[in-house]
Amino acid sequence: MSERKRKFEQLVLPHVDAAYNLARWLTRNDHDAEDVVQEAVLRAYRYFDGLRGEARPWLLAIVRNSCITWLQVNRPVELAAFDDNDLRHDALNEDGPEAHVARNVDRRMLNEAIAALPAQFREVLILRELEDLSYKEIARIAAVPMGTVMSRLARARRLLAASLRAISNASGAQVRG
Amino acid sequence: MNGEEVGRLLHAYVDGELDPAKSLELEAYLAGNPAAREACDRLRGISGAIREKADYHAAPAPLAARLRASLPAVPDEINRRAAWPGRLKLAASFAAAILVTWFAAIGYLRPDGDERIAQEALASHLRATLVNRLAEVASSDQHTVKPWLSARLTFSPPVMDLSAHGFELVGGRLDYIAGRPVAALVYKRRQHMIDVFVWPGQAAAGERTFARDGFNVTGFARDGMLFWMVSDLNQNELHDLSRLMAGNGRAP
């Protein structure tokens, strides 16, 4: 086995779970996530010489690009006109008494609510909460400024809170606690 | 701080991305504002719920095996060469966009080098002041303070008697700055408390001075030691102290 291949397996392949998690959340199905990851990993291998610093954010940036390309081809509507200027920084919001709904929400509802977020919000949320990456790393992966990461994340959480609230109000059952 | 600013900073705060000085400011605001505190709790609730309950999709085992098998022994050279210029251009423009906006828009996120040390020093000073524990060893005698610190650190900080110059030694404590334990010497001038943080190191530049939130922070190096002082004392008098310390207790 070549030295290059051995190093790649050592440095990059351990992050295949992170790659798949991101791809799965962005494509929202197993089959396409596998295809996207496969393609992205081959691309990563090709550009392996360009790896500087940590492998995980580097790989995720490549996976993220593959996902966006995939979405452009297969789900163009999801990437439809999206303007970060609309993300006026949200002031302290007044959410009402059922605010602690997040703590009691059921797993399936939460997953559905995240999956229903626009892709641009979903990606920063997954990178932050599930991959625990810093704003700086997320900015590099999503190719946006750090300020944009912050405002997208803020909006993502707000949208999520709102939709969880709507779900539990509709079902009427999940709010107690 | 107004509600809008708080709303903006709260996420960075909950994510641990806010610098120490700004965090303290926010914490002070939260302490006096139950509604904001509740918003903060809600945010932690949402974040916690996602971390705890959202699905983490690990790669199916066959995928990892397939990936390993699919790596060609020799990478595709031609493809690589052809692909570079376009990618480089793209990468450069992304990088430029990120840098420009970053520096222009959010100076308060994760600053670097001296500025970060200045902020850490300020935050440590404020924290110690808030809980009223500036001096763990309270003594105006340099021969008490110095051994106390030396016994607890891997270096021996210079402790000077500067009372003749109007800077009264109050004591010292241990603190933690720039990722290491440091000595904090506490001096007093009139009613102003001054923290002087000392640890071994070389300065990249000469004396650096920062002003933030009504506090002055000054850093310099002497004889292999770094000195960072923080106080609400005015810049001129703080500068007097730094010159005294740089001159080892003698007025220049």
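This is a predicted model: local features need pLDDT of at least 70, side-chain atom pairs count only at pLDDT 80 or more; totals for chains, interfaces and linings use all residues.
## Chain A from end to end

How much of chain A is buried? Of its 177 residues, 44% are buried. Take the contacts in chain A that link residues at least 6 apart in sequence: 71% of them join residues at least 24 apart.

Now look for the places where nonpolar residues gather. In soluble globular proteins, nonpolar side chains tend to be buried together. Here the largest nonpolar core has 70 residues. Which of its members touch the most others? They are A:A19, A:L22, A:A23, A:V37, A:V63 and A:V149. Helix α9 of chain A, spanning residues 146–171, supplies the largest share of this core, with 9 residues.

Leaving aside residues up to four places away in sequence, A:V149 touches A:V124, A:Y135, A:I138, A:A139, A:A142 and A:V144. Another core, of 34 residues, lies apart from the largest one, and its members include B:L122, B:L126, B:V145 and B:M245.

## Two loops in chain B with positive phi

Start with B:A178, which sits in the loop between β2 (168–177) and β3 (180–189) of chain B. Although B:A178 is not a glycine, its phi is positive, at about 55 degrees. Is B:A178 exposed or only partly exposed? B:A178 counts as partly exposed because 15 other C-beta atoms lie within 10 Å, and that number falls between the limits of 12 or fewer for exposed and 20 or more for buried.

The second residue is B:D223, in the loop between β6 (215–222) and β7 (225–231) of chain B. B:D223 is also a residue other than glycine with a positive phi, near 50 degrees. With 8 other C-beta atoms within 10 Å, B:D223 is exposed.

## After the helix α8 of chain B

Finally, follow chain B to B:R250, in the segment after α8 (235–246). B:R250 has 10 C-beta neighbours inside 10 Å, so it counts as exposed.

How far apart are the C-alpha atoms of B:R250 and B:L162? They are separated by 8.7 Å, while the two residues are 88 residues apart along the chain.

Technical notes
Residues are numbered from 1 along each chain as its sequence is written. Chains are lettered from A and ligands numbered from 1 in the order in which they are written. A nonpolar core is a set of buried Ala, Val, Leu, Ile, Met, Phe, Trp, Tyr and Cys residues joined through C-beta atoms within 7 Å. Helices (H or I, at least four residues) and strands (E, at least two) are DSSP runs, numbered from the N terminus. Two residues are in contact if their C-beta atoms, placed from the backbone, lie within 7 Å.
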